Amino acid sequence: MGEVILTVSVKMNSKITAVFDRDVQTEETAGGYDMAYKVLIVEDQEMPRQLFEIFIKSSDAFQHAGSIANASLALSVCRRTPIDLILMDVMTELGHDGLEAAAEIKKAFPKIKVIIVTSMPEYSWLERARKAGVDSFWYKDGNKQDILQVMERTMAGERIYPDETPLVHIGNSNNHEFTDRELDILRELITGDSNKEIGENLNISANTVKYHVQNLLDKTGFRTRTELAAEARSLGIVVQKRNEFQ
């Protein structure tokens, strides 16, 4: 199947590349495409994007409608191209948030199904996905049958969500041993803010922040908050919000 490559200028001199199958609409009556669900992939990493494309093209139930690297383009694609299902990463090109894009798409096109696909165990994303109206949520593991089953069940009307984030070891502890408040504090720590600033952000006192930070250090065995924050960020246990990068 031929491909059309579109390059869109965004901000300064940044470029975003979108790849669309040339025959998405012209082959609708060939090879069962009239019955196949059209899938848009939103993924900025080449390897998982190519894997998703291979998985989709191996299934008679789905048709690859296109791939883009930036979540901010997804809504405009849906306005121009018939899409039934979106595989949406959370952290996409130029820092654009896939969960924000998913919320916009579900509001404008409620019938389009959205599956969040991510390898990051960030604790807040499951709840954010539910609030955004995302249909299903899948942690990347490279398993063809698992993702295809989630796609099929989602198109059948099911909502597929994991019970919890993946278990990630950090120091002497793991992310499942942290309380929600400790995870809130941990995310604030990776910004480099002081206890006072973190307290203002979370509407708690600086002393309460200090107490939770010490608990995190005791649990993990790290000597400094800087070491703790750096490791938590590298493992994806907590991720800075998009506006914190700008």
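Trainee: Why is Pro166 called partly exposed?

Mentor: Its relative accessible area is 28%. Buried means under 20%, exposed over 50%, and partly exposed in between, with a 1.4 Å probe and protein chains only. The value of 28% therefore makes Pro166 partly exposed. This is a predicted model, in which local features need pLDDT of at least 70 and side-chain atom pairs count only at pLDDT 80 or more, while totals for chains, interfaces and linings use all residues. Residues are numbered from 1 along each chain as its sequence is written, and side-chain values use heavy atoms, with hydrogens and water left out.

Trainee: Where does Pro166 lie, and what is it in contact with?

Mentor: Pro166 sits in the loop between helix H5 (144-155) and strand S8 (169-170). Helices (H or I, at least four residues) and strands (E, at least two) are DSSP runs, numbered from the N terminus. Contact means heavy atoms within 4.5 Å. Neighbours within four places in sequence aside, Pro166 has Pro121, Tyr139, Asn175 and His176 as contacts. Pro121 is 45 residues away in sequence, with a C-alpha to C-alpha separation of 5.8 Å.

Trainee: What makes Thr220 count as buried?

Mentor: Thr220, in helix H8, has 2% relative accessibility, so it falls under the 20% limit and is buried. Not counting residues up to four places away in sequence, Thr220 touches Ile170, Gly171, Asn172, Ser173, Phe178 and Leu228.

Trainee: What lies 3.4 Å from a polar atom of the Thr220 side chain?

Mentor: The backbone nitrogen of Phe222 does.

Trainee: How do you know that the buried residues of H9 line one face of the helix?

Mentor: In H9 (residues 225-235), Leu228, Ala229 and Ala232 are buried. Viewed down the axis of H9, the buried residues fall within an arc of 95°, so they line one face. The arc is that of the directions from the helix axis to the C-beta atoms. An α-helix has 3.6 residues a turn, so residues three or four places apart point the same way. On the other side of H9, Thr226 and Ser234 are exposed. The cover over the buried residues of H9 includes S8, helix H6 (180-189) and helix H8 (206-220).

Trainee: Why is S4 called mostly covered?

Mentor: Seven of the seven residues in S4 (residues 62-68) are buried.

Terms used: Polar contact = N/O pair within 3.5 Å; in protein donor to acceptor, adjacent residues only side chain to side chain.
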